[in-house]
Amino acid sequence: MSAPVSTPVSTPVSARYPDLALKKRLLRTHSALLRHQLSADWQQTVAPVQRVADRARQGAHWLRGHPALVAGVGAALLVWRPSAMWSLARRGVWLWQAWQRVQPVLVRLGLHEPRQEPRQELRHGHQPEPPSHP
């Protein structure tokens, strides 16, 4: 008769190497702490920029809500200081062009939402007619 062959019992790696399992847990904990710290640092760095952007957005919203006032100030400046108005207009065009170049980058980075095109019925002020079926 032959001697019985014993098959090795498979034990989990963590049971065979308890020091590696402990090291793995410590590394995971350390990584979680580093991620948390990075997130906090990022928020602290970006917060002032976000505040400025929010204020600019609020100002633009206010200006859109008061077009008559903006037109009146523009007309007064045009009469009172035409050269300053041309300079302001050039700066405005430059800022608009710069925004057009930067906006797609901000959208790709997730820092700005893409602008939605106005719906057809809102653009022309009426509801579109439903398609006629023959």
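Reader: At what angle do helix α2 (residues 18-65) and helix α3 (residues 67-80) pack, and how far apart are their axes?

Author: The angle is about 90°, with the axes 5 Å apart. Axes here are lines fitted to C-alpha atoms, for helices over the stretch in contact, and angles between N-to-C directions run from 0 to 180 degrees. This is a predicted model, where local features need pLDDT of at least 70, side-chain atom pairs count only at pLDDT 80 or more, and totals for chains, interfaces and linings use all residues. Residues are numbered from 1 along each chain as its sequence is written, and side-chain values use heavy atoms, leaving out hydrogens and water.

Reader: Okay, parallel or perpendicular: what do you call α2 relative to α3?

Author: Under 35 degrees is roughly parallel, over 145 roughly antiparallel, 65 to 115 roughly perpendicular, and the rest oblique. With about 90° between them, α2 is therefore roughly perpendicular to α3.

Reader: Which residues make that contact?

Author: Trp62, Leu63, Arg64 and Gly65 come from α2, and Pro67, Leu69 and Val70 from α3. Contact means heavy atoms within 4.5 Å.

Reader: How do these residues divide by class?

Author: Five are nonpolar, one polar and one charged. Ala, Val, Leu, Ile, Met, Phe, Trp, Tyr, Cys and Pro count as nonpolar, Asp, Glu, Lys and Arg as charged, and the others, Gly among them, as polar.

Reader: How many helices and strands does the chain have?

Author: Five helices and zero strands. Both are DSSP runs, numbered from the N terminus: helices are H or I with at least four residues, strands E with at least two.

Reader: What share of the chain counts as buried?

Author: Of its 134 residues, 4% do. Buried means under 20% relative accessible area, exposed over 50%, and partly exposed in between, using a 1.4 Å probe and protein chains only.
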